[in-house]
Amino acid sequence: MKKCQYHGQCVIAAPDLFSFAEDGSLKWVETIDDSLRQQAEDAADVCPEQAITLEG
């Protein structure tokens with residue numbers, strides 16, 4: 001089941017990791033280094049659908 005409902009809160013919280021494509025689909029960076037970890041955690045925290053999960 002697809003949880004993301006394209007609210008865009010992740011784009012606001014972590015613009016280096018999430019963005020919208022021209023067609024409205026969501027794009028994201030799948031593998032990050034430690035310098036972007038806080039942005040990823042912030043995006044996961046603000047996602048209303050809790051669709052973002054972090055590993056490791």
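A residue is counted as buried under 20% relative accessible area, as exposed over 50%, and as partly exposed in between. The model discussed here is a predicted one. Because its relative accessibility is 37%, Phe 20 counts as partly exposed. Phe 20 lies in strand β1, which covers residues 18-20, and, leaving aside residues up to four places away in sequence, Phe 20 touches Tyr 6, Gly 8, Val 11, Ser 25 and Leu 26. Between the C-alpha atoms of Phe 20 and Ala 44 the distance in space is 17 Å, with 24 residues separating the two in sequence.

The largest nonpolar core consists of eleven residues, among them Cys 10, Leu 17, Leu 26, Ala 44 and Ile 52. Helix α2, residues 37-46, contributes the most to this core, namely three residues. Leu 17, again not counting residues up to four places away in sequence, is in contact with Lys 27, Trp 28, Val 29, Ile 32, Leu 36, Gln 39 and Ala 40.

As for the cysteines, a disulfide would require two sulfur atoms within 2.5 Å, and by this rule the count is zero. Cys 4 takes part in no disulfide, the nearest cysteine sulfur being that of Cys 10 at 6.2 Å; seen from Cys 10, the closest cysteine sulfur is likewise in Cys 4, and 6.2 Å is too far for a bond.

| Residue | Relative accessibility | Class |
|---|---|---|
| Cys 4 | 22% | partly exposed |
| Cys 10 | 10% | buried |
| Phe 20 | 37% | partly exposed |

Methods. Residues numbered from 1 in each chain as written. Predicted model: local features only at pLDDT ≥ 70, side-chain atom pairs only at ≥ 80, totals over all residues. Heavy atoms only, no water. Core = buried A, V, L, I, M, F, W, Y, C linked by side-chain atoms within 4.5 Å. Buried < 20%, exposed > 50% of the residue type's maximum accessible area, 1.4 Å probe, protein only. Helix = DSSP H or I, 4+ residues; strand = E, 2+ residues; numbered from the N terminus. Contact = heavy atoms within 4.5 Å.
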